[in-house]
Amino acid sequence: MIDTTLVRRKFEQSILSYNAQAIAQQQIAQHLFRQIEQYAMGCNIKSVLEVGCGTGFLTKQLCQLDASIYYLNDINLCLEDILNRILRHKVYQFTAGDAELQEFPNKLDLIASSSCVQWFKDLPKFLNKVDAHLAEKGLFFFSTFGPDNLKEIRRLTGNGLNYYSTEQLKAITPTGFEILFIEEQEIVLNFNSPIEVLRHLKETGVNGGFCSCWSKGKLMQFIEQYNQLFQQGKQVTLTYHPIYVGLQKR
């Protein structure tokens, strides 16, 4: 079971380092918005809800839609100043808290979420919630992660989130949605050492998904095995496995 309090604390601790370290998440937000553009730019988007807005990678892109109002949510309590700088010329409301528990506005034209819903305890229930709060023909675009996400960490530690595959995502999509697309990618990052990998995970808050308490012996074993299994040239790899989903309410 995901510890929501731990996840929130890890993301709050990483707020100053997140933008510099979250290379994959930034690429994912950009790719997701390119998909949103294809379907939403020709529509009359008046109201937008972003779930898990974080430090604003996707938020900055969504501003291009020029909606009448933006609703933003994140579990991180420390984002108000960051979001105010991004949205200072927009009408917006930010609410901190667990998106699975919060009430959403009704009849939204667009709901979007990047690199967030993999943390949810009950994604099928959340998809039904989204369905209930979208306007007719409303759009929901999100990115999550697939089973190969951070596969290096899972192989060595046995820890990680339980990710949905593309087929499983199709299976849990409510019948009230038309699936516009489901696609997946692989993003491989390179680091100079396994220690840098661990630092990257800490500084992006991603280590909220697994135990990060290391004894000296356990750490040395981790480093040795990581170098043996995941070294390419003079560097080691870390794999992200994003999945992108576009849905439209029937």
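**Legends to the views of the predicted chain**

**View 1. Contacts and elements of the chain.** Among contacts in the chain (heavy atoms within 4.5 Å) between residues at least 6 apart in sequence, 76% join residues at least 24 apart. This is a predicted model, in which local features need pLDDT of at least 70 and side-chain atom pairs count only at pLDDT 80 or more, whereas totals for chains, interfaces and linings use all residues. Residues are numbered from 1 along each chain as its sequence is written, and side-chain values use heavy atoms, with hydrogens and water left out. The secondary structure amounts to 10 helices and 10 strands, taken as DSSP runs (helices H or I, at least four residues; strands E, at least two) and numbered from the N terminus.

**View 2. Extent and burial of the chain.** The C-alpha trace spans about 55 × 40 × 30 Å along its principal axes. Of the 250 residues, 54% count as buried, that is, under 20% relative accessible area with a 1.4 Å probe and protein chains only.

**View 3. Surroundings of Cys63.** The structure holds 0 disulfides, a disulfide being a pair of cysteine sulfur atoms within 2.5 Å. Cys63 is accordingly in no disulfide, and the nearest cysteine sulfur, that of Cys53, is 11 Å away. Cys63 counts as buried because its relative accessibility is 13%.

View 4. With a relative accessible area of 11%, Cys116 is buried.

How values were computed. Buried < 20%, exposed > 50% of the residue type's maximum accessible area, 1.4 Å probe, protein only.
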